[in-house]
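Subject: Structure handover and notes

Dear colleague,

I am passing on the structure that we spoke about, and below it you will find my notes on what was found. Please keep the model open while you read, so that each residue can be looked up as it is named.

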Amino acid sequence: MALIEMRDICWGFGDPPLLENINFQIEKGERVGLLGRNGVGKTSIIKLLGDKLRPDSGTIRRQQGIIIASLEQDVSSKFVGTIFDVIAEGLGKKGRALAEYNRICKIPTSAITPELSKKRDELQQILNAGEGWGLLQQVEHILSRTNLDPEKKFADLSAGLKRRTLFARALALSPDILLLDEPTNHFDIDSIIWMEDFILRQVKTLLFITHDRAFLKKIATRMIELDRCRLVSYDCDYGSYLARRAATLKAEEQQAKLFDKKLSKEEIWIRQGIKARRTRNEGRVRVLKKMRANYQARRKKTGNVKLQAQEAEKTGKLVIEAKNISFSHDRTPLITDFSTTIMRGDKVGIIGPNGIGKTTLLKILLNRMPPKKGSISHGTHLQMAYFDQMRTQLKEQKTVQENIAEGNDFIIFNDQKRHVIGYLKDFLFSPERCRTPVHILSGGEKNRLMLAKLFTKPANLLVLDEPTNDLDAETLELLEELLFTFQGTILLVSHDRAFLNNVVTSTIVFEGRGRVIEYVGGYDDWLIQRQKPVEKSVPAKKNHPQISKKPESGKPQKMSYMQKRELDQLPQMINTLETEQKDLYELMSDPLFYKKDKEKIAAAKDRLEKVEHEIETAYLRWEAIE
C-alpha cells in the first residue's frame, strides 16, 4: 500500500491551473526525484503533500498515522534561539515546552525570579506527562547524527549551517516521508557529500527537488517530471531518465507533426468550393472540430532561455597574476603563500567549505581588497561582469523591467538597440512578469534575472559566485554551453560538481589552514590529483575490530576470508545494536524512568552512548571493508 497518493489533483490560479489532474503515489523505501522547469509547480506539489496547501479538486490519501516532514527551499527568518531550541520546537507542543525549559535552566540561579521558577515547574509537569523527556533524547540523538553544536545561536549561523539545522529539525520527527525542496542550496561540497551519505544510511523514503545533477544520480531511485501540468513517472535512475525522456520528446514531436499535417489537410478540404461543401461528410466535419479543439488545448513545451554574452575587447594575454599572497582574519590564516597566473581564456573554478575564504580570494584577485603579503597585477583592457550569489544587485521593490533598463524602454546589446521586454523574453519572462516586483519572483526566476542583468554589459572577465542555485536542468545546460564557448576569462565559485566538471579548465581548492592549491581540470580531476587524507583509526571496542589505514599503494586489496566473514556478520550485528538502541529510547521515554535511582539513569545513558558509538564504528568498518 502506498504511503501517500495523489488522485486527480488540480491546483493553481487562472485558467488553465498550474497543476491539472495530477496522479502519483510514493511507496515505502522509494527515493523520488521531482524534476521540471522553474515555475511549473514543483514546490506546490511538496506543499500539497505536506498539507500546507489545499487542492482545488481531487484527493490526497495518506496512510493512517504516517509522519511527514519537510525542508523548505528558503531559510525562514522566524526561527530564534539556539540550534537546540529550533530543533526541539519542531516537535510540537511538548517540544516547545522542552526548548523553553532548557532556556530557563541555563539562567543562573541568582537570576531566577519567582515567576520564572513557577514557569519552570509548570513546564516540568508538562514534560513529565507522556513522552516529554523522551523528546530530549530524540533531540540529542539527531544533534549527534548531524554534527551540530546545540548552543550556537541560529541567527549567527552561515546559510549552510542554517540549512543543516532545519534539515535536523525535520529529521527529529522521525518521519515516514521526508520532503526536501532544493536541499543542497547554500551547502558546500563537503556538506552535500555528508547529506548524500546521511540520506543513504538513515532516510528510507523521500521526495526531493534539486538542481544538483550529481546529487540526483546518487540519491534518486525513481524520477518524476512535471511538464505542462502533467506528471510523468520514470522508474529508473537519473542517467536512464535522460535517455528515456529524450526518446519520449522525440516521439511526441513526430506525433505532433503528423497531427498538424492531417489538420492542415482537413482545413483545406473544409474550405473547398460550394460543390464540395454540399456533399461533405458531416462525420468528417465533427472530427475536424474535435481536432481543432485538441490543437487549441495542446500545451506547448516551455521554450529555453536564450543566453548570449556581450564580449568586450580582448584583454592582454595575461589577465591576473598573484605572487605569494597571504591573508589572515583574527590571526586565522585563510590564504598562505598562494601564487597563480590566469591567462586569457582560462576558466578557473574555486571550491572549499563555507566561510573558508573563497569570496575573500575573489576580492583579492580583483584588487577589491589588498592581501596582507604578496602582490596582484592585472592585464590590459579588463572589463568585468560580476554575478553575486546574494543577489544584492537586484532591487527587490522595483520591477523586473526596471532592474534591467533602469527606467528606460531600450537597452544596447551588441551595438544594437533592443526593447527591454523583447530582451527579457529571451530569459522566459512574459510581458506581465516583466512588470512584477522582484521580491515576488521565485528563486529560479531571480537567478535568471541576475543572468539577464549580467549580460547587458560587455565583459571579457566573468566572475560568477554560485550562479547555479535554483536553476532548472535545461537552463544549467545552456549556461554551461555559453560559458564553454565564451572567449574571455571566467572565475567561478560553485558547489555544483557536474557544473564544475563541464566548465572549468583548472580548480583552485581551499584545503584548510591557509593551504590553497590549484589543480588542472574540474572537480573529478581534483579528486584524482589531490593528496589523499590519511584515515584516522577508530579505537577498538570489545568484539569490534579496529579500522585499518588505507594501503599506501592505492591498489585495491583482495578481501581475505576473515574480512568476507566479518562483512557477512556486520549487518546482523548492526541490526542487534540498533534494536537495543530503540529499546533504550523507549525505556528512557517513560516518565517513570526519571524517578528511578540516579545510578540506573546514568547507567542507561552511558549504555546508550556506547551503543551509538558501536553502531557508528560498525558502519565505518563496513565501509572500510567494502
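Helix α17 (residues 473-485) has 13 residues, which at 1.5 Å a residue should span 18 Å, and its end C-alpha atoms are 19 Å apart, which agrees. The expected span of a helix is taken as 1.5 Å times one less than its number of residues. Helices (H or I, at least four residues) and strands (E, at least two) are DSSP runs, numbered from the N terminus. Within α17, the residues Glu474, Thr475, Leu476, Leu479, Glu480, Leu482 and Leu483 are buried, where buried means under 20% relative accessible area, exposed means over 50%, and partly exposed lies in between (1.4 Å probe, protein chains only).

Before going further, please note that this is a predicted model, in which local features need pLDDT of at least 70 and side-chain atom pairs count only at pLDDT 80 or more, while totals for chains, interfaces and linings use all residues. Residues are numbered from 1 along each chain as its sequence is written, and side-chain values use heavy atoms, with hydrogens and water left out.

As for the whole chain, its secondary structure comes to 21 helices and 20 strands, and 46% of its 626 residues count as buried. Among the contacts (heavy atoms within 4.5 Å) between residues at least 6 apart in sequence, 68% join residues at least 24 apart.

Helix α16 (residues 443-454) has 12 residues and reaches 16 Å from its first C-alpha to its last, close to the 16 Å expected at 1.5 Å a residue. Because 11 of its 12 residues are buried, α16 is largely enclosed by the rest of the structure, and what covers its buried residues includes β14 (384-387), α13 (400-405), α14 (420-425), α15 (431-434), β17 (461-465) and α17 itself. Helix α12 (residues 358-365) is mostly covered, with 6 of its 8 residues buried, namely Lys358, Thr360, Leu361, Leu362, Ile364 and Leu365. After α12 comes Asn367, whose phi is positive, near 65°.

Helix α3 (residues 93-105) and helix α5 (residues 132-146) meet at an angle of about 75°, with their axes 9 Å apart; the axes are lines fitted to C-alpha atoms, for helices over the stretch in contact, and the angles run from 0 to 180 degrees between N-to-C directions. The two helices α3 and α5 are therefore roughly perpendicular to each other, given that angles under 35 degrees count as roughly parallel, over 145 as roughly antiparallel, 65 to 115 as roughly perpendicular and the rest as oblique. On the α3 side the residues are Lys94, Gly95, Leu98 and Tyr101, and they meet Gly132, Trp133, Leu135, Leu136 and Val139 in α5.

The structure also holds 10 aromatic pairs, where rings of Phe, Tyr and Trp (its six-membered ring) pair if their centres lie within 6.5 Å, and planes under 30 degrees apart count as stacked, over 60 as edge-to-face and the rest as tilted. One of these pairs is Phe167 with Trp194, which is edge-to-face, at 6.1 Å centre to centre and with 85° between the planes. Phe167 lies in helix α6 (residues 159-171) and Trp194 in helix α7 (residues 189-202), so the pair ties together parts that are 27 residues apart in sequence. Phe167 is buried, with a relative accessible area of 0%, and Trp194 is buried as well, with 15%. Together with Phe198, these two residues form one aromatic cluster.

Finally, here are some single residues to look up. Asp330 has a positive phi of about 50° although it is not a glycine; it sits in the loop between β10 (318-329) and β11 (332-343), and at 64% relative accessibility it counts as exposed. Asp415, again not a glycine, has a positive phi of about 65° and is placed in the loop between β15 (410-413) and β16 (416-419), where it is exposed, with a relative accessible area of 76%. Ser377 lies in strand β13 (residues 373-378) and counts as partly exposed, at 30% relative accessibility. Leaving aside its neighbours within four places in sequence, Ser377 is in contact with Val319, Ile320 and Glu321.

With best wishes
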